[in-house]
Amino acid sequence: MCGTTGLSVCLDAQRFIKLNAVCGIVFLLLGGVAALLLALTRWQTVHLLPVDWFYRLLTFHGINMLILWILFFEVAILTFTCTTPLNARLFSRKIAWASFGMMLTGAVMVDYIILAGQADVMMTSYLPLLAHPLFYLGIILVAVGTLIGVFNFFATLYVAKRDRAYEGSLPIVTFGALAAAIIAVVTLLHGAVVMIPTFTYAMGWTAQPDPAWYRLIWWGLGHQSQQVNVCAMVAVWYLLSHITVGARPINEAVCRTAFVLYVLFINLASAHHLLVDPGVGAAWKIWNTSYAMYLAVLASMVHGFTVPAGVELAMREKGYTRGIFGWVTALPWKNPAFSGTALSLVIFGFLGGITGVTLGTQQINIIAHNTLRIPGHFHVTVVGGTTLAFMALAYYVIPLIFQRDFICRGVARVQPWLFGFGIVLLAFGMSFAGTMGVPRRSWDIDAQGVYGPAAHLWLGVLGIGGILAFTGLLLFALLCVGTLFFGPKIEGRAMADWGTPPALAGSQPGSLANDHYATKGTIVLTLTFLACFAVYYFANWKALADVWPVR
Amino acid sequence: MSLRPLTTPWFHGPAGHEKIWLGCAILWCFVMSLMMPYWHFRGKQNSTGEAYTVRPVDFLARTEKFVASNRVGTFKNPIANALMQELPIAEPPAGGDAYLMGRMWQWYPALRLRQGETYRLHLSSLDLQHGFSLQPLNMNFQVLPGYDHVLTLTPTSKGEFTIVCNEFCGAGHHAMTGKIFVE
């Protein structure tokens, strides 16, 4: 039983939450150092790294950020959501150790072989590029280790249900984590299907797999693993908006349906990377890139409404009822968990979502494929969205799990803003340079002789954004590590409050439960979002119409 | 609530603002779903993925034959220290086939095309994956070894265009360029 929250905490689960979260943050820091060096190289005026180390660290950055940090932290989230909210015990300590051990061994193996210069193949390791066999083996170990961890999650849910550890339906946070876990299984199976024959080829045992086949299956791993993030991030939005302002989903049925839409349709997005590939036809590309009929996009738009609507309703019930946006100014913007969640939602939706759907439009991809527009998109989804949401979560998880309050709380209040601003600047730099045709994954843009001062300017913006975002990341890591060692101990008292809006006099919780037209601010915000979306989307069609006819 | 199991019935249909938003979102998804098929039939820029299996040695032979019978000049690169110093320029017949081969680290040969004519441009790679990126137009297509990727292309603007490689292909990747001249 936790003396701070009154929630029951499984001690085994707590140990693995700690282990996985700390490992995740270490890999985040490693990937972040690489990110800074890369940003300072793409800033053409600075051009820091030599060519071999640029591609080496680019591979290292991708693996550490997109695979290691995210997977370790996700296992921590899964472990939390299947135990504490359900009043349940972790299914098996041994299985959790096996999972953690395999993941860590694989992670160290991959990082070592990359830094040793034996795997300069980018995260995607497109065949016929070939890395040292240990690179593939490491990824296989991480994937299988994660699968085992996910199995432990499913088994815990099953046992909790069977033994009636809880009454009723899963809470929305666990439901979201369950959706993420299901997508993770499909993702990791793709990983096994593509990585095992590549590993045996690297060992010289089998023939080379076909490069087009490799791309198709690899993206079943590469793109879908990011959809696991989306799912986990949305679950974190629901969790943190509840903790920080007392929000609840305005309609559980709609939220849950949206998660089911993710599970059913989000895997089609592997096609996003094959839109200008040879060998796959237009009908295949159109159907798959649209997630059937944009049903997974619909799911994101549902969450993009439900989360702020839940917050607005909670604020109005607390008595902040002035005008359409009166509740917005009263929100706890100095609470890093809240500001992190809000920024994550806005950055993910307005920037990441709009660019993602547009770039993933089959024909528009012709003017975007493999340019810096693509990393410009996924840095605002995976970093400005998922990573920022996970950081926000840490401001509650670390005090509760390690029983220590944060050090330097003033710095913590600024951290999400600094990180979010840096990432937005970085993504703008990338996106605009990309519209001018600057390729991603390229060490230099002067050798081609086609990129002018404007492209160089946007790469400078990328560099400055990178420095700011790295500073935010470094602050986060220092705050977390510092808190583990020097944070004031909690020991049974309440954790220090980050700030939650108090209920005003005369307000009544639940008073708006049946008022379906109370979320005026949210509907205005979401309709504004839709207008921005439409403008950006059709502007890109216009840009496409200006290039040479091709079919 | 978000964190505790639900014990009360929770199945309600959407209502009020949520219903309005759902309606708008579904409508927008529908618009986007229709745009791609519409553009496929009425728009002029599409990636149909037309491709044929080809062995790299065969593609090399076809490209060399194409250059031998269509050569119209030599391109000398004005950029000092460029990996590609000199390239033959080949001009395919109007409506005919042109071959462009990616290899570490050049696009071979340089092409001369006529404005307003349509060509079948064959793209393939002899070694790794490459990215065909036509600048400053910013048109991008993927090039794979073993696949003859055919683009049916109509240049509508005159001038000198540079092909940049935008798929990572080793240490010389950033300097892998080629040329298309449109007259």
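Colleague: How many bridges join strand β8 of chain B to strand β11 of chain B?

Modeller: Strands of a sheet pair through backbone hydrogen bonds, either parallel or antiparallel. Here β8 (residues 130-135) and β11 (residues 159-165) of chain B run antiparallel, joined by four bridges. Two strands count as paired if DSSP finds at least two bridges between them. Strands (E, at least two residues) and helices (H or I, at least four) are DSSP runs, numbered from the N terminus. B:Q135 has B:T162 in β11(B) as its bridge partner.

Colleague: What may be trusted, and how are the labels set?

Modeller: This is a predicted model, in which local features need pLDDT of at least 70 and side-chain atom pairs pLDDT 80 or more, while totals for chains, interfaces and linings use all residues. Residues are numbered from 1 along each chain as its sequence is written, with chains lettered from A and ligands numbered from 1 in the order in which they are written.

Colleague: What is the strand order of the open sheet in chain B?

Modeller: The order is β2-β3-β6-β12-β11-β8-β9, seven strands with mixed pairing. β2 (71-76) and β9 (139-143) of chain B are at the edges with a single partner strand each, so one side of each has no neighbour in the sheet.

Colleague: Is A:A155 buried, exposed or partly exposed?

Modeller: Buried requires 20 or more other C-beta atoms within 10 Å of the residue's own, exposed 12 or fewer, and partly exposed lies in between, with C-beta atoms placed from the backbone. A:A155 has 15, so it is partly exposed. A:A155 is in helix α4 (residues 133-162) of chain A.
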